[in-house]
Amino acid sequence: MKRDNSLLIIILALGIFGIITTEMGIIGVLPQVTQKFNISTSQAGWLVSIFSLVVAISGPFLTLLVSGINRKVILLTAVLSFVISNMAYALTTEFDVMLIFRILPAIFHPVFFSVALVVAAKLVPPEKSSKAVTKVFAGITVGFAFGVPLTSYLAEKISLEAAFLFGAVVSMIAFVGILIWLPSMPVKEKMSYGTQVGILRKPQLWFNIMTVIFIFAAMFSVYSYFAEYLGQVTHMNGSWISIMLMVFGIIMIFGNFLFGGLLHKNLIKTVIMFPLLYVVIYIFTYSLGTSFLPMVVVVLFWGAVHSGGLIISQAWLTMETKEAPEFGNSLFVSFSNLGITMGASIGGWFISHLEIHQLIWSGMMFTLLAFLSIILKIKIFKSNAGEVNVS
């Protein structure tokens, strides 16, 4: 019986969707969490920060540890951890228990992500691998577009428990799909830890890692305060901000496939173009920030370009980790989370020391640093890759 690999790729994307819904959905329900557990907003904020911190720290190490285990077993274990954790969020009456169960899925987040991308690339012919990875990446953008706002909506209209059960159901569907449709994928030739870690000796890889950190810092130094910026600078009310968040996420879906196609044609040119496009977006965001209708248009383009940063960064980093693709993907997950943490922190500093309109300059600073690291890498190492290979 011939297996439907297109369906398998959709199932892997659904798993990524569940991960993003679990990781980012908590942001939209923090008010309900503080009320349920009778804690402060800063205490509830640990549910967000501890997740990113654990992802950044554990990713490469755990990926190394499981590198010899059957890929299907790893994917099932990882996605099951998200089912269990969301169930725990819904059922517990103790904040400490919820905090512990934020750590569990954070440990498995980079493992699922790393293995899923490699598996997706192996399910199709080599010439179609980049398109398969783009489709799995769509799980991220769909998560931002629908998973996060739907989690918030369920918590507001039904209950906090319903919001978490939604995340559990999504991950359970992915679990069943992987269990039924994905064939057993034992590791035939286990790479030694030394071989995998050995890629870190490549100086050109560290240039790409710096680029990933700067790109994510550039994106999230501003996006982390997206709602506050539209509220305080553009003077949008809560309803309009919710609409803009939804529109931003939906446009990200189209941007994901747009940049995926560009990467397939020419990786180097697309990577160089990305920070330049983001500079343009930030210039318009800063100059038109106080104008209502122009900002609505800016958000459309902003969402499309923002989504490109995800797949471009992954392709740029993993072009130097082909000898150890899963370890390379785990490096991407870890260092992108480091970039998010750095960007959000610096963006917060700009807001507290200057004012929120000047927040855009933090994004501009990191965007220019990303562009500089790309150009330096190309000039120093005479990189001439034109096709993306993320298998």
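In what follows, Ala, Val, Leu, Ile, Met, Phe, Trp, Tyr, Cys and Pro count as nonpolar, Asp, Glu, Lys and Arg as charged, and the others, Gly among them, as polar. The model described here is predicted.

The largest pocket holds about 1,500 Å³ of space. Its lining comprises 41 residues, and those that lie nearest the centre of the pocket are Met-24, Ile-27, Gly-28, Tyr-223 and Ser-224. By class, the lining of this pocket consists of 25 nonpolar, 12 polar and 4 charged residues. At least two lining residues come from each of helix H1 (5–28), helix H2 (30–37), helix H4 (46–65), helix H7 (129–157), helix H10 (203–223), helix H11 (226–232), helix H12 (238–265) and helix H15 (325–353). Among these contributors, H4 gives the most, with 8 residues.

Apart from this open space, the structure holds 5 cavities of 30 Å³ or more. The largest cavity has a volume of about 180 Å³. It is lined by 17 residues, of which Ile-20, Ile-140, Phe-216, Ser-336 and Asn-337 are the closest to its centre. The helices that each supply at least two residues of this lining are H1, helix H6 (95–122), H7, H10 and H15. H15 provides the largest share, 5 residues. The lining of the largest cavity divides into 13 nonpolar, 3 polar and 1 charged.

The second largest cavity has a volume of about 60 Å³. Thr-21, Thr-22, Gly-25, Ile-26, Asn-86, Tyr-89, Thr-151, Ala-163, Phe-164 and Gly-167 line this cavity. Two or more of these residues come from each of H1, H5 and H8. The largest share, 4 residues, belongs to H1. In the lining of the second largest cavity there are 4 nonpolar and 6 polar residues, and no charged ones.

On the surface, attention turns to a nonpolar patch. Leu-80, Ile-84, Met-172, Val-176, Leu-179 and Ile-180 form this patch, and together they have about 470 Å² of accessible area. Helix H5 (71–91) and helix H8 (160–181) are the elements that give two or more residues to the patch. Of the two, H8 supplies the largest share, 4 residues. Ile-180 is one of the patch residues, and its place is in helix H8. Because its relative accessible area is 53%, and the limit for the exposed class is over 50%, Ile-180 counts as exposed.

Charged side chains make a further set of contacts, with 3 salt bridges in the whole structure. In one of them, the side chains of Glu-161 and Lys-36 meet at 3.2 Å, N to O. This pair links distant parts of the chain, with Glu-161 in helix H8 and Lys-36 in helix H2, 125 residues apart. Both residues fall between the limits of under 20% for buried and over 50% for exposed: Glu-161 is partly exposed because its relative accessibility is 30%, and Lys-36 is partly exposed because its relative accessibility is 29%.

A second salt bridge joins the side chains of Lys-202 and Glu-320, at 3.4 Å from N to O. Here too the pair links distant parts of the chain: Lys-202 lies in the loop between helix H9 (193–197) and H10, and Glu-320 in the loop between helix H14 (292–318) and H15, 118 residues apart. Both Lys-202 and Glu-320 are buried.

Glu-320 also forms a salt bridge with Lys-377, in which the closest N and O atoms are 2.8 Å apart. Lys-377 lies in helix H16 (residues 360–381) and Glu-320 in the loop between H14 and H15, so this pair ties together parts that are 57 residues apart in sequence. Why do Lys-377 and Glu-320 count as buried? The limit for the buried class is under 20% relative accessible area. Lys-377 counts as buried because its relative accessibility is 1%, and Glu-320 counts as buried because its relative accessibility is 10%.

Terms used. Residues are numbered from 1 along each chain as its sequence is written. This is a predicted model: local features need pLDDT of at least 70, side-chain atom pairs count only at pLDDT 80 or more; totals for chains, interfaces and linings use all residues. Side-chain values use heavy atoms; hydrogens and water are left out. On a 1 Å grid over the protein atoms alone, a cavity is a set of points where a 1.4 Å probe fits but cannot get out, and a pocket is an open set with protein on both sides within 12 Å along at least five of seven lines; lining residues have an atom within 4 Å of a point. Grid points are joined across faces, edges and corners, and a volume is the space filled by probe spheres set on the points. Patches are made of residues with over 30% relative accessible area and no salt bridge: like charges are joined within 9 Å, nonpolar side chains (Val, Leu, Ile, Met, Phe, Trp, Tyr) within 5 Å. Accessible areas come from the Shrake-Rupley method with a 1.4 Å probe; for residues, only the protein chains shown count as cover. A salt bridge is a side-chain nitrogen of Lys or Arg within 4 Å of a carboxyl oxygen of Asp or Glu. Buried means under 20% relative accessible area, exposed over 50%, partly exposed in between (1.4 Å probe, protein chains only).
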